[in-house]
Each structure stands twice: as C-alpha cells, then as structure tokens.
Amino acid sequence: MIGRLSIPAWTLFRKELLRFAKVAVQTIAAPVLTALLYLVIFGHVLEGRLQVYAGVPYGAFLVPGLVMMSVLQNAFANSSSSLMQSKITGNIVFVLLPPISYVEFFVAYVAAAVVRGLVVGAGVLAVTVWFTGVRFAAPLWTLAFALAGAALAGALGLIAGIVSDKIDQLAAFQNFVIVPLTFLSGVFYSIHSLPPFWRAASHANPFFYMVDGFRYGFFGVGDFPPGLSLAIVAAALAAVASAALALLRAGYKLRS
Amino acid sequence: MSLEVEEGEFFGLLGPNGAGKTTLINVIAGLARANRGTVRVRGADVVADYRRARRMLGVVPQELVFDPFFTVRETLRIQSGYYGLARNDAWIDEVMHHLDLAGKADVNMRALSGGMKRRVLVAQALVHRPPVIVLDEPTAGVDVELRQGLWQFVRRLNRDGHTIVLTTHYLEEAEEQCGRIAMLKDGRIAALDTTRNLLGRFSGLELRVRGRDGAERCLRLAGAAELEPALARLRGEGVEIVDMELRPPGLEEVFVRITGAGA
C-alpha cells in the first residue's frame, strides 16, 4: 500500500528531474558558468589583498560561498519556475486532477529542487576546484547544510510559485528577496569584516547560517558555531515548509 | 442543484456560456471547491475521499493545455504514474492506437497540431481506465476526421460500461450521443430529461424553405395540417420555392426555448 501510494509522488519527482535535465544548458551549465565568472573576477581582483581565515587564500574562501549560493538560487529557481510555468500554461491541471496529496506534491517539488541545487553546486565545485584546490575539514557539515539549504530554498520557491500570478511577480520575489539574501549572506566576505550594525543584521538572514555552516565543512572554521547554525536553518526550514504545506492544503491559487 | 448520473449513462450537460457547466465539472474533478453541498463519484466524496473519487474519474479539460517538455509517450507515462500505474505501456499503446496517435508517440507535444494535442488530452484522461469520463468540449476546434474517430472511441467506451458526461456547444453532437441531458442556466438545472423526451417536449414541425432568390425561411407549424396553408401563404407573398425541408424541432430549438440563449 505504501509503495502504491508513493508512485504518484515518485512520478512527479521524476517528471521534475526530467524537466530540468531536458534544458540542462540553461538549468545546469549556465549557473555553473556564472559562478566560475564570479570566482575568476573576484578571486583575481581580491587574491592577495584579502585574507579572511588564517592560511586560507581568498579564492579558496570564495568557493564554498559560490557553491552554496548556486545551490540556493537554483533550488529556488527549480520549484518556482516549474510551478509558475505550469500555472501560466495551464498544464498544472494534470497534477491537480490525479489523486496526489498535498504532502506528495510538496515532497516531489522540493526533492527535485534539492537535486537541481546539488547538481549545480557539484558542477560549480568541480570547475572551481581546478583553480583553487579543495579540502573538506568536516564533510558531513557540508552535506547537512547543502541538503537543508536546498530544501529551504526549494520550499521558498514553491511558495513563490504558488502566490505569484505573473512572471514579473516571481522575478520580483527572486530579485528583491532571494538575490539580496544570498549576496548579503557572507558569500564574498566574512561578516566579521562588516560594521557592527550590518554584522547584527546578517544574523537575521537565514542564508548567512547556511553559507557559514557550509563553509565550516571546508575549513573547520566559521563565523558562527555550526551546530547552532544548523538548528537555526532547520527551524527556518520547518517554518517555510509549514507555510508551503498550508498553502498547498488550502489549494491557494491552485484550486478555485 | 441536485443531479444524479446513472452508471453507464451517456449524459449531456448543456447550457449557454456562463451557465456553470465547467464550474460543475471542476467541482466534480476537485479543481474547484463548492461553497456547500456534496459531490460523489460512484459513492466516493470528492473532498473527503478524494483519492478514490479521482481514480474513478477521467477529465478531458476544455483548454488545449500540454507540457512542452515531453513527447506524447512520456506525457502518457507520466500521467499513468500520477494515478499509481508504474507499468501501463500496453494500455497506453492501445489508447494511442484508437486515437490515431501511434505515429506521434515520440514526437514532442510542441510539434503537434491542435487536433493532435486534443487527442493527447483525451488519451491522458483515459490512461488509468476510469469508469467515469468527463469530456468538457472535447471537439472544440478539431477536424471532422478526429471528431468521428473520437465519438467512435467514446461510444465504444460507453458500450464497455464507462459512464460518459459530456459538455458541448455542438448540440447535434449531444442529440446524437447523449441518452439524457441536463440544460443549465445561471447555475441551475433548467431542464433534465432523456434526449427523446426533451425533443418531444415541443411538439410540432419546423419548415425550412429556400426561395429562388436564395433566401432561407424557417416556419414553425403546429402539425402537418398547417403545411399546405403555410406554403400557400408563401406563394401568396411571391416566394418561388426551390427547396424545402420538414422536420421535428432539433435540440438547438429546445435549447433556445429553454435557456433563452443561442448555442
């Protein structure tokens, strides 16, 4: 019975994977290239001028931040754009007509977003490692933050896809919420280099804990204790997932 | 409204634009929620027991929607999976064969014509062999060939025991296919009867004549006894009749009289 019930969710998950795999140049190769350009430009300009952690060159410091930024942005983009496109073209009806529960819907979309985020993140890591080398001081932390961060961004994307009626509303959500949160999360710097106000403000940004915890897995040092960061990320994930599930359960903007 | 469709029926849902046909279908399919009341599909409540209700229902939506990322076969496999069917290729092949889609199985949905996309919509509604099939304007904008093929297939499904609920703007289709019809107006049932009874409700005959001037005239007669006086009146008006047809009123006439609207 459990196996039978899981087939619809598994199918929806596979469909979402196929969807982004079929346009891999746009969904995987392009974000990897963007991250590589960030590394080449910022790494080249700031290498030797800035050292955040002792013994860690700036280029190497930048890599985990770029990987995590790519994971978050692409996990968000996957669930939000897929749902948005389905709503606009009307083919969302194919998912709403079958006996798929709102929990299965959530799990499938978020799991696919996690996979896209991790695939892009792995791609960014694979190309940037040629330039900087890589080491993992605590790889389990890296994995835990990557999974939790991608799930949180995927769930946020689901919410954005549900509440947005038009592409420009979704773009506004991405440009005014997701991009600022990722850019101000310590991808390019340590928050210890910020003035006190902005340092305090960074602590209100959940993406900071994801990037910092993820980076801790590489170097074994960070701006915040990783255990506490993971707890904060898990709490944020629980809150965002609950909100997404509540919207799906109510059929908000999906079922009239 | 209170409405019950019997198992195995070919049931028509007619009404002018905005009468509530698609809203009713959306409530049955779970795409919309009713403010009050209940809807059951073969005993399964569409809200409380939605999984069972939706498994028994196949809906062909009115809008020509498709997922541009996939081929026809991928689309049908995915739709099967949504209904819990992991291996369904034999039935998918049969459905594609009956809808003349076999040659397009590996073609991307984007590359199909409107008529072909409509066929895929029908196939998607049938992948899980639902006992109840709802067709919301299934022949809108499709060619004669598809229309005939589609009705042949749907009639076969009906003969095999599937319940068919049809909405259409082509009233001659409803007249030909449906055993019973509900006519909706402003969200209410304006008429509910067998097609034969609805057609017989308005007794009399319809006389259509075409004059040498090419103009067509339509006269309503109470009976055959009025035919000769009507023809004499036309001749008296100087109409030189070159063609004429005498027939009982069609469903279109019944529809207009009941709903007070054009089809």
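These legends go with close-up views of a predicted model.

**View 1. Chain A is built from helices, with no strands at all.** Read from the N terminus, the elements of chain A simply go α-α-α-α-α-α-α-α-α-α. Along its principal axes, the C-alpha trace of chain A spans about 60 × 40 × 35 Å.

**View 2. How chain A packs.** For 256 residues, a compact globule would have a radius of gyration near 18 Å, and chain A comes out at 19 Å, so the two agree. Of those 256 residues in chain A, 48% count as buried. Now look at contacts in chain A between residues at least 6 apart in sequence: 82% of them join residues at least 24 apart.

**View 3. Where chain B meets chain A.** Chain B puts 25 residues into this contact, and chain A puts in 22 residues. Which helices of chain B each supply at least two residues to the side that touches chain A? They are α1 (21-29), α2 (50-55) and α3 (72-82). Sorted by class, the side of chain B that touches chain A holds 13 nonpolar, six polar and six charged residues.

**View 4. The hairpin of β7 and β8 in chain B.** Strand β7 (residues 180-185) of chain B lines up with strand β8 (residues 188-194) of chain B in the antiparallel sense, over six bridges.

**View 5. An open, three-stranded sheet in chain B.** The strand order is β10-β9-β11, and the pairing is antiparallel. Which strands are at the edges? Those are β10 (216-221) and β11 (241-247) of chain B, each of which pairs on one side only. Neighbouring strands of this sheet are turned by 20° against each other on average, direction ignored. As a reminder for reading the view, strands of a sheet pair through backbone hydrogen bonds, either parallel or antiparallel.

**View 6. Zooming in on β9 and β10 of chain B.** Strand β9 (residues 205-211) of chain B pairs with β10(B) in the antiparallel sense, with six bridges between them. A handy pair to pick out is B:Leu207 and, opposite it in β10(B), B:Leu219. When you follow side chains here, keep in mind that in a regular strand they alternate between the two faces of the sheet.

Note on methods:
Residues numbered from 1 in each chain as written. Chains lettered and ligands numbered in written order. Predicted model: local features only at pLDDT ≥ 70, side-chain atom pairs only at ≥ 80, totals over all residues. Pairing = 2+ DSSP bridges. Helix = DSSP H or I, 4+ residues; strand = E, 2+ residues; numbered from the N terminus. Axes fitted to C-alpha atoms, helices over the stretch in contact; angles between N-to-C directions. Contact = placed C-beta atoms within 7 Å. Nonpolar A, V, L, I, M, F, W, Y, C, P; charged D, E, K, R; others polar. Rg over C-alpha atoms; globule rule 2.2 N^0.38 Å. Buried ≥ 20, exposed ≤ 12 C-beta atoms within 10 Å, placed from the backbone.
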